[in-house]
Amino acid sequence: MEKITGEFHRELEAAAASIRRANAVVVLTGAGVSAESGLPTFRSGQDGMWQTEDVRNFAYPDGYRRNAARAWEWYAHRAAAAARAMPNAAHHALADLERRVREFLLITQNIDGLHQRAGSRTVLELHGNLLRTRCFGCETLGTWPEPLTAPVCESCGGLRRPDVVFFQEDLPVRAMARAQAAALDCDVLISVGTSNVVWPAAEIPQYALSGGAEVLIVNTEMRGQPEGNHVSHLHGPAGEVLPRLLELAWPQS
Ligand code: BV8
Ligand code: ZN
């Protein structure tokens, strides 16, 4: 984490006080929370996945259908990497936070399942879950086949895909409605490791601000992040900032 300057320490202390006082806390996470588990993010750093692979060919319905075999293999490798990855200190800190706060909701854009493996219980997956597969035709759910078979559905012969939300596909309606309502009602929203560019998830911090909440941004890069009187930027890797935040909020433990 950046050298703990006086200013940064004061920001952490103030953020910790907001969390300790809060009755309802909502957390919104993105790929940055899994970066310290070794999973590449989409748009940050040199490992940004979208920098290497053409997202248009794999993560859009038409692109996926056109490149089905390659796209299926790309997702199968990402699913295997997610299954091999271990939750990091940020995931564990968020599971700990859930146990300490009266009302808590973790909303994630991530599809790697690491929050659940770290013990988080109320997890809302806005973009689906990479560890499940689904059929474009009959919606039958499944898990990854090993070795890589062609993505053909055994039930209807349709095309199989990962059970994730592609671009130009709607997010699960009930999950999004629940996320917006929780953000409107919470006292503190903590945004962790998201570039805030993918809609409609990117509007969730705005719901929290319009509901009068404090918004804490935990990120290694603050460009493009919400700003304002009720927004605090906690600059640093989530795996270091979040445990520190909890230590300050509940020092005895
Ligand atoms: C939809 C699954 C209706 C697939 C994903 C309004 C305005 C502009 C655009 C749109 C709009 N409405 C709709 C759109 C289009 C589109 C969109 O938002 N496009 C953007 C890119 C311009 N949205 C959609 O299509 C959504 N659907 O709106 O349906 C519709 C119908 C028809 C036509 C149009 C619209 C669907 C969105 C879901 C897409 N699926 N993933 C897959 O993964 O393969 S999105 C993908 O991006 C991932 O799910 C990911 O979670 C998500 C967001 O990215 P982040 O998680 O933020 O990750 P990123 O790499 O960007 O950032 C990492 C951050 O971590 C950085 O800030 C970095 O600094 C930080 N970091 C790095 N290391 C650390 C760290 N922070 C802390 N600690 C560290 N160690
Ligand atoms: Zn099918």
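In this predicted model, Asn219 touches Gly193, Thr194, Gln225, Leu234, His235 and Gly236, leaving aside residues up to four places away in sequence. Asn219 belongs to strand S8, which covers residues 214–219. With a relative accessible area of 11%, Asn219 falls under the 20% limit and is therefore buried. Its side chain also reaches the backbone nitrogen of Glu221, at 2.9 Å.

Several individual contacts to the ligand can be picked out. A polar backbone atom of Phe42 is 2.6 Å from an oxygen atom of ligand 1. An oxygen atom of ligand 1 also lies 2.8 Å from a backbone N or O atom of Ala31. The side chain of Glu36 takes part too, with an N or O atom 2.9 Å from a nitrogen atom of ligand 1. On its own, ligand 1 has 1500 Å² of accessible area, and the protein covers 77% of it.

Turning to the backbone, a few places deserve a visit. Most residues other than glycine have a negative phi, and most peptide bonds are trans. The peptide bond from Trp199 to Pro200, however, is cis, with omega near 0°. Pro200 sits in the loop between strand S7 (188–192) and helix H9 (204–210).

Glu139 is not a glycine, yet its phi is near 70°. This residue is found in the loop that joins strand S4 (128–135) to strand S5 (142–143), and at 45% relative accessibility Glu139 counts as partly exposed. Gln168, also not a glycine, has a positive phi of about 70°. Its loop runs between strand S6 (160–164) and helix H8 (173–185). The relative accessible area of Gln168 is 65%, which is over 50%, so Gln168 is exposed.

A last stop is Glu240, in helix H10 (residues 238–249). Glu240 and Ala89 are 151 residues apart in sequence, while their C-alpha atoms are 7.3 Å apart in space. Glu240 has a relative accessible area of 35% and is partly exposed.

How values were computed:
Residues numbered from 1 in each chain as written. Chains lettered and ligands numbered in written order. Predicted model: local features only at pLDDT ≥ 70, side-chain atom pairs only at ≥ 80, totals over all residues. Heavy atoms only, no water. Polar contact = N/O pair within 3.5 Å; in protein donor to acceptor, adjacent residues only side chain to side chain. Areas by Shrake-Rupley, 256 points an atom, 1.4 Å probe, with all protein chains shown as cover. Helix = DSSP H or I, 4+ residues; strand = E, 2+ residues; numbered from the N terminus. Buried < 20%, exposed > 50% of the residue type's maximum accessible area, 1.4 Å probe, protein only. Contact = heavy atoms within 4.5 Å.
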